[in-house]
Amino acid sequence: MRVLVVEDDFDLSGALMRLLTRRGFLATHCGDATSALQALQQSAFELVVLDLGLPGMDGLQLLQRLRDRGHRMPVLVLTARGGVGDRVAGLNIGADDYMGKPFDPDELEARLRALARRAGFEDEPHCGDLRMDRAAGAFYADDQALELTPREGALLTALMEQPGRAVTKSRLAALVFGADAPEQPDAVEVVVHRLRKKLASTHVEIATLRGLGYLVKERRAAE
């Protein structure tokens with residue numbers, strides 16, 4: 001999903017961009033309302049994450065301008081303004097959700113995906129003939145369900161969230177094993193090995209990038 005992040009804080013905007021990119025979003029950043037309006041004229045976005053305390057035209061004014069111009073994509077307001085009045089004003093103008101700062105990264109992702117679903121955007125990660133049914137937690141290759149263990153499913157989920165991008169072994173260990181993550185560095189490799197066998201009949205493969213981690217990609221025809 002393409003997300004426009006409108007945030008003037010340099011450090012926070014950088015953290016948001018890294019967070020959204022790691023979690024499979026295509027994120028674009030603008031630091032003020034004017035550049036945000038220009039970006040929306042040039043490209044289509046499924047979601048907007050909007051700060052209220054912007055320089056010049058503030059977030060509420062920008063939101064009003066967007067709705068007046070017919071932009072109907074979901075807008076999540078992310079701001080340090082925690083007052084009820086600000087929340088009511090934003091929702092009345094046309095905000096679809098509201099989160100205060102600081103925020104939990106998992107909650108932010110969940111709210112964005114919920115907004116996208118309500119807007120009718122199909123949020124099913126896919127690569128080659130492999131697709132993930134996020135709601136059911138299942139994987140299908142040409143509509144044939146793959147039989148995976150919970151750990152195999154957790155690892156494949158992490159890779160399918162961002163096809164073509166490497167996920168580090170340490171992050172995979174945390175996602176697959178949680179608090180029970182073993183100290184042995186080859187624990188993730190064992191799960192990857194088993195998962196590769198189950199993907200052998202599909203058009204996708206798990207590639208190893210030495211020093212970076214693993215990624216899922218479409219298998220070349222010659223392979």
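This is a predicted model: local features need pLDDT of at least 70, side-chain atom pairs count only at pLDDT 80 or more; totals for chains, interfaces and linings use all residues.
Local features need pLDDT of at least 70 and side-chain atom pairs count only at pLDDT 80 or more, while totals for chains, interfaces and linings use all residues. Residues are numbered from 1 along each chain as its sequence is written, and side-chain values use heavy atoms, leaving out hydrogens and water.

**View A. The whole protein chain.** Here you've got eight helices and eleven strands, counted as DSSP runs numbered from the N terminus (helices H or I, at least four residues; strands E, at least two). The C-alpha trace spans about 55 × 35 × 30 Å along its principal axes. Of the 223 residues, 43% are buried, that is, under 20% relative accessible area with a 1.4 Å probe, protein chains only.

**View B. The charged side chains.** The protein chain carries 29 positive and 33 negative side chains, with Lys and Arg taken as positive, Asp and Glu as negative, and His and the chain ends not counted. The centres of the two sets sit 2 Å apart, placing each charge at NZ of Lys, CZ of Arg, CG of Asp or CD of Glu.

View C. Strands β6 (residues 126–127) and β7 (residues 130–133) run antiparallel, joined by two bridges; pairing takes at least two bridges found by DSSP. Look for His126 opposite Arg131 in β7. Two residues lie between the strands, and Gly128 takes a positive phi near 60 degrees.

**View D. On to β8.** Four bridges link β7 to strand β8 (residues 138–141), again antiparallel. Asp133 stands opposite Ala138 in β8.

Technical notes:
Buried means under 20% relative accessible area, exposed over 50%, partly exposed in between (1.4 Å probe, protein chains only).
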